[in-house]
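We begin in a loop.

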Amino acid sequence: MPGGRVELAVRGLIKRFSPQVVVGPLSFEVMEGEFFSLLGPSGCGKTTTLRCIAGFETPSEGSISLDGRRLDDRPPHRRDVGLVFQNYALFPHLTVFDNVAFGLRLRKAGSAEIARRVTQMLSLVDLPDLGERYPAQLSGGQQQRVAIARSLVLEPRLLLFDEPLSNLDLKLREQMRLELKRIQQEVGITTVFVTHDQAEALVMSDEIIVMREGGIEQKGRPHEIYSRPVNRYVSNFIGAANLVAARVVEVTAPERGTVEISGCGSQVRLPCRLAADMAAGEKAILSVRPENVRASHEPAGGPCLEGEVLQVIFLGNCVDCRVRWGELEWKVLAHPRARLRTGEKVYLRLDPEHTLAVHP
């Protein structure tokens, strides 16, 4: 479990590729033993941030500290940081054993020490019998495990991952998410993980930063970011969401109130949760996850939206529906027992506890 001590501190980081600022100003802390993700689309600055931490890019401004020690003037090999690349960067002419042992040999470790630590690492990543194979004889998932073992064998204080799952097929990617988290928890190493895949970040992370154009849109626990996004961008980037233009009608309690949305030639007022600092009369975006929209053939208690089912897709344990209300299409995840059919009239009810008005 993450500890209560700051392991990595990034303060006021700015990176310019003249004249453009591509990162920053960026400040965040990663706690000891934490699995910390930088999440965002391509070009948002997450990999550049990671490269600054690793020492492959020099910050234009700001500081980076590991365990209280400034890293700014230290070359990559003296930062006590391990890095797993997107393409794994294994040496094709070396065996699995020799790939993992490479860094230890550079450090002039003895043969007995090398044998002990490499064997230990191959066991940790569940490859105890593949030491004599070459990278070309391994699957993508196995190559990734070798790359992780090669980084961990040097016992770094910090482990960095640069989109390590993007080259794997879907089934293997899902399997490796759990495997990476297991390895990280077993070793207890502080980890910074860069990804554009929100499912990876939600499944694996203790803490997530959602990045946009070099800055931080939101930082928090996975459940917090998914259930309480601060604005439209985060709502749309983290999972599927119904996003509807709205107006805050009243604030009834801290972060609770009523909003008004328009459709089918009328206005409907809905109780909901409000993002911080929202006031009556303010424009907002209503954000509702599809699993929090209830569709039924009869009006339910409270305000309802009367719509028409446009599409029904059976997914096994649920049904993915599209329902038209005015000019809007609502995404709805319903139970198969709801027996929704294309073309029929249904009533949509939004759960006030899971309906959130956010900043545009």
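At 68% relative accessibility, E213 is exposed (over 50% relative accessible area; buried is under 20%, partly exposed in between, with a 1.4 Å probe and protein chains only). Its phi is near 50°, a positive value in a residue other than glycine. E213 sits in the loop between β9 (207-212) and β10 (215-220). Helices (H or I, at least four residues) and strands (E, at least two) are DSSP runs, numbered from the N terminus.

The model is predicted: local features need pLDDT of at least 70, side-chain atom pairs count only at pLDDT 80 or more, and totals for chains, interfaces and linings use all residues. Residues are numbered from 1 along each chain as its sequence is written, and side-chain values use heavy atoms, leaving out hydrogens and water.

E155 also has a positive phi, near 55°. It lies in the loop between α4 and β7 (158-162). E155 is exposed, at 56% relative accessible area.

Now the cis peptide bonds. One joins S18 and P19, with omega about 0°. P19 belongs to the loop between β1 (6-17) and β2 (20-31). Another joins G24 and P25, again with omega about 0°. P25 is in strand β2.

Turn to helix α3. Its buried residues are I114, R117, V118, M121, L122 and L124. Down the axis of α3, they fall within an arc of 155° (taken from the directions from the helix axis to the C-beta atoms), so they line one face of the helix. An α-helix has 3.6 residues a turn, so residues three or four places apart point the same way. Just after α3, D126 takes a positive phi of about 65°.
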